[in-house]
Amino acid sequence: MDSAVVATLRSQRIELPSWAFGNSGTRFKVFAQRGVPRDPYEKVSDAAQVNQFTGIAPTVALHIPWDKVDDYADLARHAAGCGVALGTINSNTFQDDDYMLGSVCHPDARVRRKAVDHLLECVDIMDATGSRDLKLWFADGTNYPGQDDIRGRQDRLAESLATVYARLGDDQRIVLEYKLFEPSFYTMDVPDWGTALIHCQALGDKAKVVVDTGHHAPGVNIEFIVASLLRLGRLGGFDFNSRFYADDDLMVGAADPFQLFRIMVEVVGAGGLDPSVGVAFMLDQCHNIEPKIPGQIRSVMNVQEATAKALIVDRDALGAAQRGGDVLGANAVLMDAFNTDVRPMLAEVREGLGLDPDPMVAYARSGYAEQIVKDRVGGQQAGWGA
Ligand code: LRH
Ligand code: MN
């Protein structure tokens, strides 16, 4: 086993979404699962289980107000007690009645002020949790041509973002997430990587773009976007998930492991695994019908497998074939890596971390799943509501 590859895999870091441990679903149904957390403390405890068995998921992203608590420092202490830390703070300007026609892009200055105040409150929370990133995703957009002035909304967005950017501390960042459609269906105000990039460049160096792998039109070459953002030093992170059709938020790598591999080939090629490059590898998923902690463990393993395959690409052979115009040769180099079974190497990576080589089996054997069903009786299960 290539020790450098093994070392890189042991130092990989994946951030988990607190909301993946709560109930989630679609407009048709949210299926409640027994043992689901009732508060951010229990969400963090469940996330810590994923880290305990994978060894590479030491931070948990929060979503405000879903993870609102009286004492964020106390929640951070609870996290530390579980061996993890609080990560990215996600704002939420998509669930208040005032935001029907938008939040930071709303025609009414009072509503924009309300949205900006929420974003500023999220920066206050980052000060308390020690988080680096404020992740901004806006549901803002329109449903019908003529509903609002496309250009005017961009001006309002730029003005609102500038107010928040000015509040950031030296070590804090804005990571701006784009999405092609939903919940708005004619325009989204940040629909694609170009729009997100333009706003980030206008703000400054502490503004980067987030690539949510479920937020593109079918057939879009996401690794091209990733390579381009890395080239500009503007890739702030990923919201990893997978989809067959729309923003399905399924387990990363489940729908298209080859796409995830191609994305990680670009990340590895640009040195993007190095923490100094500042790429946050986050999951953003909903386990609507499958058990949530095993779903997160499997997702972390899927990212590990894609990363391991990307790390074993014979870069010298690839470069030589590319320079020589050897189309099939170059493609074969990548396919050889993709078709390599990296699971034995990942088992060694885990054993080297003092972990069971199979996290799914180890978690099932731990009895944690049964324990939380026993312990978590009563109370309000967490979900996409408050
Ligand atoms: C929007 C999104 C965004 C989150 C939400 C949970 O679709 O991807 O990242 O805030 O899901
Ligand atoms: Mn997302």
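The model is predicted: local features need pLDDT of at least 70, side-chain atom pairs count only at pLDDT 80 or more, and totals for chains, interfaces and linings use all residues. Residues are numbered from 1 along each chain as its sequence is written, and side-chain values use heavy atoms, with hydrogens and water left out.

**Exercise 1. Find how many helices and strands the protein has, and what its radius of gyration is.**

Step 1: Start with the elements, which are DSSP runs numbered from the N terminus (helices: H or I, at least four residues; strands: E, at least two). The protein has 14 helices and ten strands.

Step 2: Turn to the radius of gyration, taken over C-alpha atoms, and to the globule rule, 2.2 Å times the number of residues to the power 0.38. The radius is 21 Å, close to the 21 Å that the rule gives for 386 residues, so the protein is as compact as a globular protein of that length.

**Exercise 2. Work out what percentage of the residues count as buried, and what percentage of the contacts join residues at least 24 apart.**

Step 1: Recall the classes of relative accessible area (buried under 20%, exposed over 50%, partly exposed in between; 1.4 Å probe, protein chains only). Of the 386 residues, 54% count as buried.

Step 2: Take contacts (heavy atoms within 4.5 Å). Among those between residues at least 6 apart in sequence, 77% join residues at least 24 apart.

**Exercise 3. Describe the surroundings of R173.**

Step 1: Locate R173 in strand 6 (residues 173-177).

Step 2: Check its cover: at 9% relative accessibility, R173 counts as buried.

Step 3: List its contacts. Not counting residues up to four places away in sequence, R173 touches M126, R132, D133, L134, L168, K206, K208, G236 and G278.

Step 4: Compare sequence with space. R173 and K135 are 38 residues apart in sequence and 8.5 Å apart in space, C-alpha to C-alpha.

Conventions. Chains are lettered from A and ligands numbered from 1 in the order in which they are written.
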